[in-house]
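Keep the model open as you read.

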Amino acid sequence: MKKETVIVLDFGGQYNQLIARRVRECNVYCEVKPYTVSLDEIKAMEPKGIIFTGGPNSVYDDTSPRYQKEIFELGIPILGICYGAQVIAHTLGGLVKTAPVSEYGHTEVEINTSDVMFEGVSAKTVCWMSHTDYIETAPEGFKVTAHTPVCPVAAMACPERNLYATQFHPEVMHTAEGQKMLSNFVYKICGCCGDWKMDSFVETTIENLREQIGEGKVLCALSGGVDSSVAAVLLSKAVGRQLTCVFVDHGLLRKNEGDEVEAVFGSNGSYELNFIRVNAQQRYYDKLRGVTDPEEKRKIIGAEFIRVFEEEAKKIGAVDYLVQGTIYPDVIESGLGKSAVIKSHHNVGGLPDVVDFKEIIEPLRMLFKDEVRKAGLELGIPKHLVFRQPFPGPGLGIRIIGEVTEEKVKIVQEADYIYREEIAKAGLDKSLGQYFAALTNMRSVGVMGDFRTYDYAVALRAVNTSDFMTADAAQLPWEVLNKVANRIVNEVNGVNRVVYDCTGKPPGTIEFE
Ligand code: XMP
């Protein structure tokens with residue numbers, strides 16, 4: 001049976017991924033395609049619906065993105081959002097103009113609730129507007145289905161041709177009833193039944209991998225992060241011991257992390273695969289001795305990873321497939337799904353050059369992060385791996401300011417462990433974007449008992465963020481900070497001071513280096 005698909009046609013809007021995620025929240029599979037995709041390709045995908053995204057352009061610029069008129073003749077339901085709405089209006093003979101006042105932000109919109117897209121939506125509802133141009137007159141055959149005092153056509157519809165448009169953004173959370181509107185489009189207008197669920201993704205992916213790989217040999221670089229873990233388990237379920245996972249312990253992992261990964265994937269774990277743990281800690285410490293420049297440290301850690309992996313790959317010999325944990329945002333951001341994307345961070349970047357393989361397999365390339373986690377749960381991967389917070393490829397190497405030594409790694413591991421333990425005890429672990437301890441390169445005077453000390457200061461960081469591009473320092477309860485500081489100073493040798501980082505991003509970054 002053909003999988004129900006909705007296409008998001010990307011006109012350059014900042015919310016293209018978000019629209020796709022919202023459609024998938026309706027359990028309907030959704031793909032983002034650039035507006036340059038051909039009509040034949042669209043037809044071949046047999047979509048149940050198409051959504052035109054917003055975009056920064058004006059339909060009157062010669063170079064602004066458009067789509068050929070014939071798309072409106074396919075009979076496939078189309079929803080245009082913001083610029084996408086203006087493209088529909090302009091192409092079909094309506095009038096798009098620069099609005100006398102541009103609308104930005106929360107805006108009360110009057111809705112015609114008898115329109116199918118707005119069934120069950122309040123007659124006056126707050127929507128998110130962000131536009132300079134607007135539709136002044138809807139094309140012939142369309143009726144106006146929403147307006148504001150400023151915007152005469154805040155939404156329009158031509159049910160006979162299955163064409164719908166909104167000037168506002170139903171996909172963003174600021175539009176209070178936006179998800180209702182999108183689900184009306186997907187279910188009532190496109191006629192989807194919403195059968196795209198994670199269990200069916202997992203099942204069909206395993207079947208497809210089995211078919212694709214046959215008797216082939218597969219190699220996977222496992223970091224213990226959620227993406228590579230889920231990819232590895234999918235492969236293990238598909239081809240069992242034809243899969244070899246190489247896990248490089250670079251000695252810059254959090255406390256106990258190497259053993260935790262081994263417990264899940266190693267010979268005492270629950271998966272059928274060949275697991276190789278490379279204990280390369282000392283190699284990394286040797287290479288990093290005396291190096292203080294952050295970029296140089298990153299380069300050394302990345303290059304050493306490739307070297308260690310190459311040595312292992314040589315022992316294994318030629319393989320047929322190399323697995324990568326590429327996920328959908330990587331694909332979209334790198335130009336919409338053309339070729340295999342090589343993740344730039346150190347645990348996969350550069351690998352294809354040193355492994356003798358025929359093809360790359362990316363089983364997660366169509367999933368968003370929250371979907372990868374759902375797949376992980378579906379596959380029975382332990383929750384502590386599935387909900388692991390992001391951890392940078394260079395690991396603690398960039399959480400130790402200045403030279404990295406084994407002693408400093410031990411200090412930051414212990415301090416971070418205490419911090420994470422107390423955050424979890426306080427029930428804050430699920431609500432924070434990222435939190436960790438770092439070792440400043442600063443030593444200062446303290447007093448312990450009757451003795452003067454001269455030890456390191458540990459910095460605690462906790463941020464709230466949705467995209468990791470911007471972040472606010474979290475306002476942690478004082479009791480929690482106080483307890484963590486006391487425990488660290490008392491339990492971790494070499495630390496006599498704890499500070500909390502109150503800097504947002506920008507101007508700070510989340511990591512310290
Ligand atoms: P920054 O420090 O740039 O971090 O604000 C943003 C997010 O990216 C993570 N990060 C990395 N992840 N390799 C990675 O895989 C890296 O080199 C790297 N540097 C930063 C960081 O943990 C945060 O989530």
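Lys-505 puts a polar side-chain atom 2.6 Å from an oxygen atom of the ligand. Glu-511 does likewise, with a polar side-chain atom 2.5 Å from a ligand oxygen, while Ile-510 uses a polar backbone atom, which lies 2.7 Å from an oxygen atom of the ligand. Taken alone, the ligand exposes 490 Å², and the protein buries 77% of that. Areas here come from the Shrake-Rupley method with a 1.4 Å probe, and for residues only the protein chains shown count as cover.

Before going further, a word on what you're looking at: this is a predicted model, in which local features need pLDDT of at least 70 and side-chain atom pairs count only at pLDDT 80 or more, whereas totals for chains, interfaces and linings use all residues. Residues are numbered from 1 along each chain as its sequence is written, and side-chain values use heavy atoms, with hydrogens and water left out.

Now zoom out. The protein has 15 helices and 18 strands, where helices (H or I, at least four residues) and strands (E, at least two) are DSSP runs numbered from the N terminus. Its C-alpha trace spans about 85 × 60 × 40 Å along the principal axes. Of the 513 residues, 56% are buried, and buried means under 20% relative accessible area, with exposed over 50% and partly exposed in between (1.4 Å probe, protein chains only). The protein exposes about 22,400 Å², of which carbon and sulfur atoms supply 49%. Among contacts (heavy atoms within 4.5 Å) with a separation of 6 or more, 73% are between residues 24 or more positions apart.

Next, follow a run of strands. Strand β5 (residues 95-111) is joined to strand β6 (residues 124-137) by 12 bridges, and the two run antiparallel; Leu-95 has Thr-137 as its bridge partner in β6. Strand β5 also pairs with strand β7 (residues 143-147), again in the antiparallel sense, over 2 bridges. That count matters for the term, since two strands pair if DSSP finds at least two bridges between them. From β7, 3 bridges lead on to strand β8 (residues 155-158), and these two run antiparallel, with Lys-143 facing its bridge partner Ala-157 in β8.

Is Glu-110 buried or partly exposed? Glu-110 counts as partly exposed because its relative accessibility is 40%. Leaving aside neighbours within four places in sequence, Glu-110 is in contact with Ala-123, Lys-124, Thr-145, Ala-146 and His-147.

Elsewhere, Thr-453 sits in strand β16 (residues 451-464). At a relative accessible area of 14%, Thr-453 is buried. Its side chain and that of Asn-496 are joined by a polar contact of 3.1 Å; a polar contact is a pair of N or O atoms within 3.5 Å, and within protein one must be able to donate a hydrogen and the other to accept it, with residues adjacent in sequence counting only if both atoms are side-chain atoms. Beyond neighbours within four places in sequence, Thr-453 is in contact with Ser-444, Val-445, Gly-446, Val-447, Met-448 and Asn-496.

Helix α1 (residues 16-25) is mostly covered, with 7 of its 10 residues buried, including Ile-19, Ala-20 and Val-23. Asn-27 follows α1 and has a positive phi, near 60 degrees. Ala-318, in the loop between α9 (294-316) and β13 (321-323), counts as partly exposed, at 47% relative accessibility.
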